[in-house]
Amino acid sequence: MSAASKSGPDFIVIGAQRSGTTWLHRVLEGHPSIWVPPIKELHYFDDPANKRYFAHLRERLLRGLVGRRILSTWDLRYFLGRRNDDWYRSLFEPGRRRGKVTGEATPAYAILGADAFEHIKAVNPNVRLIFIMRDPVERMWSAAVNQAINKRGGGDVRLKQKPDSRAVKKSSYLATIHLLEQHFRPDQVFYGFFDDIKQRPAALVTDVLNFLGVEPGNVERLLPKHALNIAAGSKKPPADYELAMAAAHLPWLRDMCQRFTGAPEKWRDRYVALLRPTSVEAPEAARADLEAAR
């Protein structure tokens, strides 16, 4: 990794959404041996129509006004260039010229299909992927609260009592893991957990930097001064919502615990406790999942 690849970014933080990827991006951005683009989420592999173009342009112009800076050469390449693989590779040239490890973070990549992962591999066969996972019920609740804040100015959170299939897909990490194993070598993928960002951030960052092949140095200096941006804060999800989501995720989470210890086991145990008929009135499907989990 010391000789940065000329065929695309050296690493990509692929998700999951609402799992601390912004926090990790800031940490990596501050490391002297790492370069990341001015825009956090490039969305090249999941948004071919570039629907975020004007949102990104507005963001960069506002930052330029605040910092009294005009658009950079990188901005001109990003906004005026023709979107293709060569264009995407060129976005990392500023970092490569400085001999740095280059990468980007787009959490939406976590739910890409097989063809898109093959595309990533074609751009750089040796790319390294970082996949951070979070308690799926907490992740979905955080996403719902964040959506309410963005769309309704912090109003009441509107929740569906039945699990939304797309939202559940974003939290079904096993599907992503299986695809990653099919398309990339084991040494190309780093699996981490949001729990570690909260409880042992320095150790987690050290592991990530070692994975990327850069000297960690004084990791404590890289950690953001402000706490994680947790949209839900101290707000708890409604009991019915939490119960329904726990029942939806428990089946695949049992399988995940065969692969990982620590955080996933804590999630599973919490769901099992939630679904105990003695503590809450669980639906029949949840009862069946509970029995299978025992």
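## Ground rules

Residues are numbered from 1 along each chain as its sequence is written, and side-chain values use heavy atoms, with hydrogens and water left out. Because this is a predicted model, local features need pLDDT of at least 70 and side-chain atom pairs count only at pLDDT 80 or more, while totals for chains, interfaces and linings use all residues.

## The protein as a whole

Let's start with the overall picture. Of the 294 residues in the protein, 49% are buried. Here, buried means under 20% relative accessible area, exposed means over 50%, and partly exposed is in between (1.4 Å probe, protein chains only).

The protein exposes about 15,000 Å², and carbon and sulfur atoms supply 50% of that area. Accessible areas come from the Shrake-Rupley method with a 1.4 Å probe, and for residues only the protein chains shown count as cover. Among contacts with a separation of 6 or more, 76% are between residues 24 or more positions apart; contact means heavy atoms within 4.5 Å.

## The five-stranded sheet

The five strands form an open sheet with parallel pairing, in the order E2-E3-E1-E4-E5. Two strands pair if DSSP finds at least two bridges between them. At the edges are E2 (34-35) and E5 (189-193), each of which pairs on one side only.

Strand E1 (residues 11-15) runs parallel to E4 (residues 128-133), and four bridges join the two. Three bridges join E1 to E3, again in parallel. Val-13 has a bridge partner on both of these strands: Ile-130 in E4 and Ala-105 in E3. Ile-12, for its part, is partnered with Leu-129 in E4. E1 is mostly covered, with five of its five residues buried.

## Helices on the sheet

Helix H1 lies across E1, E2, E3 (101-105) and E4, running at about 160° to E1. Helix H9 (residues 173-183) lies across E1, E4 and E5, at about 165° to E4. Axes are lines fitted to C-alpha atoms, for helices over the stretch in contact, and angles run from 0 to 180 degrees between N-to-C directions.

## Where H1 meets H11

Two packed helices are described by the angle between their axes and the distance between the axes. For H1 (residues 21-29) and H11 (residues 201-212), the axes come within 11 Å and cross at roughly 60°. The contact is made by Trp-23, Val-27 and Leu-28 of H1 with Pro-201, Val-205, Val-208, Leu-209 and Leu-212 of H11. By class, this contact has eight nonpolar, no polar and no charged residues. Nonpolar covers Ala, Val, Leu, Ile, Met, Phe, Trp, Tyr, Cys and Pro; Asp, Glu, Lys and Arg are charged, and the others, Gly among them, are polar.

## Two residues to look at

His-25 sits in helix H1 and counts as buried because its relative accessible area is 8%. Leaving aside neighbours within four places in sequence, His-25 is in contact with Val-36, Pro-37, Lys-40 and Ala-105.

Gln-17 lies in the loop between E1 and H1. Gln-17 counts as partly exposed because its relative accessibility is 25%. Gln-17 and Ala-143 are 126 residues apart in sequence, yet 7.9 Å apart in space, C-alpha to C-alpha.
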